[in-house]
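Please read this note with the model open beside you. Take the points in order and find each residue as it comes up.

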Amino acid sequence: MNPVLEVRGLSVEIPTASATLRPVRDVSFDLHPGETLSLVGESGSGKSMTALAIMDLLPRQARRSVERLRFLGEDLAGKSAGEIGRLRGAEIGMVFQDPMTSLNPVYTVGNQLMEVYLRHKNASKREARERALFLLDKVNIPDPALRLCQYPHQLSGGLRQRVMIAMALMCGPALIIADEPTTALDVTTQSQILDLLRSLQREFHMAMILITHDLGVVAHFADRVSVMYAGEIVEQASTDDLLERPMHPYTAALLDCIPVPGSSRHGGKLRSIPGVVPLITSGDQGCAFRRRCDHAQDVCKNAGIAMRELSGGHKFRCVLLPQNSADVAMKNHA
Amino acid sequence: MATDLPAENDLLIESAGQAFRRRSLKNIGFMTGLALVALVASIAMLAPILTAQDPYLQNLDQRLIPPFWHLEGTWAHPFGTDKFGRDYLSRIIHGSRISLLIGLFVMVISGLIGSTLGVIAGYFGGKIDAVIMYIITVRLSMPVVLVALAVVSFVGSSLEVIVLVLGLFLWDRFAVVIRAATKRLRGEDFVTAARCTGCPDSQIILREIIPNLMNQLTVIATLEMAQAILLESALSFLGLGVQPPLPSWGLMIAEAKEFVFFDPWLITIPGVAIFLLVLGINLLGDGIRDLTAPEMKN
Amino acid sequence: MAAFALRRVLLAALVAITVSAIAFGLLYLSGDPVRALAGENATDEVIQRLSQEYGFDRPIGEQFLSWLGKAVTGDFGKSIYFNTDVAEMIWDRLPITMALGVMALGFAICLSIPLGVLAALRPNTFVDKAALTISLFGQALPNFWFAILLIILFGLTLRWLPISGNSSFAHFILPAVALGYYATPAFMRLIRAEMMDVLASDYIRTARAKGLSTSSVLFKHALRNAIIPVVSLAAVQLGFMLGGSVIIEQVFAIKGLGALAWESISRSDYPVVQALVLVISVIYVGLTLCADLLNAAIDPRLRHGH
């Protein structure tokens, strides 16, 4: 099956007065139809920046470089801004973190919904309105006709996020990118929104990139996971594999931070990872995690830590031999 | 060869003062402003040394001599002479004293009024804030130039009256900005902490609030000083500000109005003087704002 | 919305009354109001008459209320110098100054919106620096001096435009530029700052993620939000311009309110000065009131009481 999205060697650089920052470094992954890939990491790990880079929505100062970026078999890297604009909103829908600020305050919900459809489809206003009503109903918003004429500030956060989801689905996209879609919402709303996203994904058979810092969310919703740290993917595997057998010390540390009910895995104590994600500049080499890693050795300072691969496509970027390596076939990944 | 990640501490060892000096050297606007203001200030202070000519001495034989760049110009009067034969350069030099004095005094008076009102309104909020906001609204709705002209005319014009009138009028920006800044500071944790320990309000205002307002105060002070200098020149231009024979730059432009056809330099020279001084003060203010509080930069 | 409007109107009325008290008080600045009204060479007979007419024998509060009562009905008394109706004098001059103010405002807005938007789109580039320089120069130019420079260049040297009087549209061009130029920096800085804020906002990212065209993102989504605070500034600046027209009308010999103000002040024609201060203040109060209500109309968040 051809992947919906193929990303190879995606990097982002931001030149500043003192140094060139590298918030995304050599990110590669595939996304298959109907699949949910989760990008996980702490804030500052580059997961949102990766999504913006794919969409060509980076801030003005940022420079993107990519070896290969293919969407539905088409090369995106060589496309003009106008051509990518035709895909955004039409074939790729995006849901952002903060629904309180992501809708334009001076236009009605209906105006903002219909606008996408009118832009990408050769449709009349009436058709656009019908599509908007249909989708507001799909995202379980009661009384959609009323909501259509309301302004964003008249809606609660949960409703606004539903509107954002409806907006992302207006043109029937093949891919939906959800950037921490529930972080700004309260806990009860969070699971409703995630359940909604999953059921819509199945109904419309879309691929999804789910960006989150919450491994609990990942465990429930993702098929595959890419763990990001300081701009790099440090581990990539199917969700089950990753949760069962984390190979990278960072993944292991992240998993240690999650409370497991009824488990005494860590003697009842919850761990946290000391320190913060460093900013990587062009001069930096070696494993970015080594300063916070319990197992760091001199070899971790060396440049070019390669991605290694276990069976089943389980990849990780660490020079330390995994403790349970005896029973898995190891091969070096170029 | 492996290089280590830069430690956060390496980036922070520079003191605030060092950082200010390092950045100020790079800020062209700030340096230009500083140079212009320093120039005018030293001219004002050294006025009697800089020029041997009496700015008030009339010499009707030597009327309207053009400045040195004209063919008929003479180095005895580098900027020429006015319609009474007074040396224009020395009038410009002595005029700088009037502009700076008025600017400084008005700034102090309006700064005291405005920041007092602003701090009180922002700190106490509620009804007190509403009353002060109302006073600010009333002040803003009065046409400054018109009322200042009327007051100066009805009371009688002198330097003191002009300083007082402008000082009583130009406090609005101080009040508005300081009120907003105080409001913001009042919500900060360190102020809340001080309140929790039972510190009296006066102590909190003096020790916690005011020191944190100094940057904003400096910036508005420069803006208001520039504003005062411009308004003084306008009042003097209309004949209701500084009175002759004092060499106010605005008054010099007014006195030269009739010569606009044949001796336009009589108008351009004092105008350029006002322009450079006000530009310098504004650049200085903008520079201080950029250097001390980059987040205030629009 | 209705409650907001009502509160705002009440505040405006309160401010107007306070300002009228101040305008009334101007008369007392010179010490003896009767002497001031009558002029230095007035005979005892005139003073007697004025004293009775204005009721200076009554308490000052009562005097003010009777003056205010008349002012509300549009009766500002008679000019001491011309002995004509003050309201009529003002009414004759008002359209001229209004035209000047509106033209100056139009000039300022037409110059500053494109510059401000361009500067926000290309921060720290040539356009931005040029806009910043214009704004710095604008703030430092004394406007009467700038007006004279305009006269020298366009009136005397190039002979393109008339330099004095108010008999045709062309007569208003140079004065409007001289008056409006001073407001340009304020507009430009505001638009640049607002536009930069808006362009960095989440909803602009949403608009771009929706694949909307650049012009739609810029004009429909960004400018519409950035323009909201400009309405308030426009009202404030127009109010300032009416007051500031004293200087510009003097330079260009325009017979508007500003010229009337200057003449009356020089002649110590107190009733006219009082009336002018009151009228210009009330116009300012009215303008800011309109701006607030207009803002509420164009910003749905205000409209629904947020």
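1. **Ground rules.** This is a predicted model: local features need pLDDT of at least 70, side-chain atom pairs count only at pLDDT 80 or more, and totals for chains, interfaces and linings use all residues. Residues are numbered from 1 along each chain as its sequence is written, chains are lettered from A and ligands numbered from 1 in the order in which they are written, and side-chain values use heavy atoms, with hydrogens and water left out.

2. **Two domains in chain A.** Chain A is divided into domain 1 (5-91 + 171-333) and domain 2 (106-170). These bounds come from an automatic or database domain assignment. The C-alpha centres of the two domains lie 31 Å apart.

3. **How the domains of chain A meet.** Contact here means heavy atoms within 4.5 Å. By that rule, 20 residues of domain 1 of chain A touch 17 residues of domain 2 of chain A. The buried area between them is about 1500 Å². Buried area is the accessible area (1.4 Å probe) that two parts lose on being put together, summed over both. Carbon and sulfur atoms give 65% of the area between these domains. Which residues of domain 1 of chain A lose the most area to domain 2 of chain A? They are A:Arg86, A:Cys171 and A:Leu196, together 37% of what that side buries.

4. The interface of domain 1 of chain A and domain 2 of chain A has one salt bridge. A salt bridge is a side-chain nitrogen of Lys or Arg within 4 Å of a carboxyl oxygen of Asp or Glu. A:Glu203 forms a salt bridge with A:Lys138, and the closest N and O atoms are 2.7 Å apart.

5. **What builds the domain 1 side in chain A.** Look at α2 (81-87) and α7 (187-204) of chain A: each supplies at least two residues of the side of domain 1 that touches domain 2. Helices (H or I, at least four residues) and strands (E, at least two) are DSSP runs, numbered from the N terminus. α7(A) gives the most to this side, with eight residues. The side divides into 12 nonpolar, five polar and three charged residues. Ala, Val, Leu, Ile, Met, Phe, Trp, Tyr, Cys and Pro count as nonpolar, Asp, Glu, Lys and Arg as charged, and the others, Gly among them, as polar.

6. **Chain C against chain A.** Here 25 residues of chain C are in contact with 31 residues of chain A. The two chains bury about 2400 Å² between them, 53% of it on carbon and sulfur atoms. Two salt bridges cross this interface. A:Glu115 forms a salt bridge with C:Lys220, with the closest N and O atoms 2.9 Å apart. Which element gives the largest share of the side of chain C that touches chain A? The answer is α10(C), with six residues. That side divides into eight nonpolar, eight polar and nine charged residues.

7. **A ring pair in chain A.** Over all chains, the count comes to 15 aromatic pairs. The rings of A:Tyr250 and A:Phe289 have centres 5.1 Å apart and planes at 65 degrees, so the pair is edge-to-face. Rings of Phe, Tyr and Trp (its six-membered ring) pair if their centres lie within 6.5 Å; planes under 30 degrees apart count as stacked, over 60 as edge-to-face and the rest as tilted.

8. **Two domains in chain C.** The assignment gives domain 1 (2-72) and domain 2 (90-298) of chain C. Their centres, taken over C-alpha atoms, are 32 Å apart. These two domains bury about 1400 Å² between them, 76% of it on carbon and sulfur atoms. One salt bridge crosses their interface. The side chains of C:Asp292 and C:Arg8 meet in a salt bridge (2.3 Å, N to O).
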